[in-house]
Amino acid sequence: MSDRYPDIPGAKGPDGTSQDAAEAIAPCVSYLRRVAMRALDGLGEATVLEAVAFAEVARESLQPRFSELRAMGLVEPTGARRRNPSGKGAAVLRLTEKGRAAL
């Protein structure tokens, strides 16, 4: 599957739990990517966890979509970082022009 990433969800290795998860989420990926993009559109810019909280979607479903969106050129880091509740620094993201056009 990784040879078609980010068009389809990624998985670590050719079989196992990661592959099963990627296959299970595949039917929802387009919708979840739109949710992620709309969250960034509504917030202007945000960390992944801020966008997840705004969208009110499970982190496990939405967080990987941001990596896919970055790989597709629809989302980009602003260069800023903010602390997450865990205290770790997180990149602040925003939609690209291509991302705004895709909405």
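Analyst: Before we start, helices (H or I, at least four residues) and strands (E, at least two) are DSSP runs numbered from the N terminus. This is a predicted model, in which local features need pLDDT of at least 70 and side-chain atom pairs count only at pLDDT 80 or more, while totals for chains, interfaces and linings use all residues. Residues are numbered from 1 along each chain as its sequence is written, and side-chain values use heavy atoms, with hydrogens and water left out.

User: What makes the contact between Arg 33 and Glu 68 a salt bridge?

Analyst: The term asks for a side-chain nitrogen of Lys or Arg within 4 Å of a carboxyl oxygen of Asp or Glu. For Arg 33 and Glu 68 the N to O distance is 3.0 Å, so the pair qualifies. Arg 33 sits in helix H2 (residues 29–43) and Glu 68 in helix H4 (residues 59–71), so the bridge ties together parts 35 residues apart in sequence. Both Arg 33 and Glu 68 are buried, that is, under 20% relative accessible area (1.4 Å probe, protein chains only; exposed is over 50%, partly exposed in between). Arg 33 and Glu 68 also join Arg 65 in a network of salt bridges.

User: How many salt bridges does the structure hold?

Analyst: There are seven. Among them is Glu 50 with Arg 82, at 2.8 Å from N to O. Glu 50 belongs to helix H3 and Arg 82 to strand E1, so this bridge connects parts 32 residues apart in sequence.

User: How do you know that Glu 45 and Arg 82 still count as a salt bridge?

Analyst: Their N to O distance is 3.9 Å, and the limit is 4 Å, so the pair passes. Glu 45 lies in the loop between H2 and helix H3 (48–55), and Arg 82 in strand E1 (residues 75–83), 37 residues apart.

User: Which elements each supply at least two residues of the lining of the second largest pocket?

Analyst: They are H3, H4 and strand E2 (89–95), and H4 gives the largest share, five residues. A lining residue has an atom within 4 Å of a pocket point. This pocket has 13 of them, with Val 48, Gln 63, Ala 90, Ala 91 and Leu 93 nearest its centre.

Definitions and conventions: 1 Å grid on protein atoms, 1.4 Å probe; cavity = no way out; pocket = protein on both sides within 12 Å on 5 of 7 lines; lining within 4 Å.
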